[in-house]
Amino acid sequence: MSLELRHLRTLCAIADAGSLTKAAAALGTSQPALTAQLQRIERALGGRLFVRGRQGVEPTALGEYVLERSRLLLMGMEELIRGAAARPQGEVRLGGVAGPILPGLVDRLGAGQVTSFTDDSPRLLCDLVATGRLDAAVVADYREHELRPPAPLRSALIAEEPVFIALPERHRLAVQEEVDLSELAGESFVLAPPDGGGWPECFLLACVRAGFAPRTPHKASDGWVIREMVTAGGAVAPCRATFAESPGLVIRPLAGTPLTMRHLLVWHPDGPVAERSGEVRRLATEIFAAHARERPRYVGWLGLRGESDDARPDRRRP
């Protein structure tokens, strides 16, 4: 089961009502149907979100965590929808996953005429472009998990980027120029949560092909948390090749490049970005290349393969 915004609204309705019976009435459904839906959501999230008591239902610790983030997501979505209803003439609405490309485009295209929305889910961003909530978005996908934007959206490659590995500075493999993925069997990994676009499925598949099932006791999407888990917690983490090294943390390429991610520009053919899609893609490629040049490990990896330090465009058209 994939969580949707309606599921988040259901959880908030239950918390606000304080009982399943009252929440069912507010949502226009039956209490048994709401209970069944809550159970499906809890199975998807891996734990109980509410406990029943004499005064109704109360959120568990996991429930509080989920509710806090659900309310933030819903507020952001409502703001995005309100902004789409009426906007200044000439305004461009861009979306994107975390990274340097989206803020770079906002700066290059004119901060006063561009609004932005960031989310980790490439499928959500594509849906927002398809429904006219966004004009274009920068999304990511992975080898063997290529994204297929829904019709009638168009897409073009911005850049390809290998996945490297972040290691504690004193790790036994930190002295190597490259690390074979199979050498990481038995390590504790920090993984970013599923993004709906192929991560972490592509990483798990690469590990299986390398001959082991990875131990993944840590989940984190924030770059600062990942750094702390690697430097202080002794874990390792797959990361973008352009992830910066820092005190106590080193970045190493994976031998044979078993994992590759692509950065894509997605736009609606009838939207305001359609006529400028070539320009926007060129700017995005330049932004990525400039960011990549500041990452010695990435530049060194390109040099070992005799490639340009510019973002290497893929000749395939998504």
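Rings of Phe, Tyr and Trp count as a pair if their centres lie within 6.5 Å. With that in hand, we can look at this model, which is predicted.

Q: Which residues do ring pairs link into a cluster?
A: They are Tyr 142, Phe 189, Trp 199, Phe 203 and Phe 212. The structure holds five aromatic pairs.

Q: Why is the pair of Tyr 142 and Trp 199 called tilted?
A: Check the angle. Planes under 30 degrees apart count as stacked, over 60 as edge-to-face, and the rest as tilted. The planes of Tyr 142 and Trp 199 are at 40 degrees, with the ring centres 5.6 Å apart, so this pair is tilted.

Q: What makes this a link between distant parts of the chain?
A: Tyr 142 sits in strand β5 (residues 136-142), while Trp 199 is in the loop between β7 (188-191) and α7 (201-209). The two residues are 57 residues apart.

Q: How do you know whether Tyr 142 and Trp 199 are buried or exposed?
A: Buried means under 20% relative accessible area. Tyr 142 has 8% relative accessibility, so it counts as buried. Trp 199 also has a relative accessible area of 8%, so Trp 199 is buried too.

Q: What makes the pair of Phe 189 and Phe 212 stacked?
A: The angle again: their planes are 15 degrees apart, and under 30 counts as stacked. Their rings are 6.5 Å apart, centre to centre.

Q: Why can we say that Phe 189 and Phe 212 tie parts of the chain together?
A: Look at where they lie. Phe 189 is in strand β7 and Phe 212 is in the loop between α7 and β8 (215-219), so the pair joins parts that are 23 residues apart in sequence.

Q: Are Phe 189 and Phe 212 buried or exposed?
A: Same test as before, with the cut-off at 20%. Phe 189 has 0% relative accessibility, so it counts as buried. Phe 212 is at 10%, so Phe 212 counts as buried as well.

Q: Now zoom out: how many helices and strands are there in the chain?
A: There are 10 helices and 11 strands.

Q: What percentage of the chain's residues count as buried?
A: Of the 318 residues, 47% do.

How values were computed:
Residues numbered from 1 in each chain as written. Predicted model: local features only at pLDDT ≥ 70, side-chain atom pairs only at ≥ 80, totals over all residues. Heavy atoms only, no water. Helix = DSSP H or I, 4+ residues; strand = E, 2+ residues; numbered from the N terminus. Buried < 20%, exposed > 50% of the residue type's maximum accessible area, 1.4 Å probe, protein only. Phe/Tyr/Trp six-rings, centres within 6.5 Å; stacked < 30°, edge-to-face > 60°.
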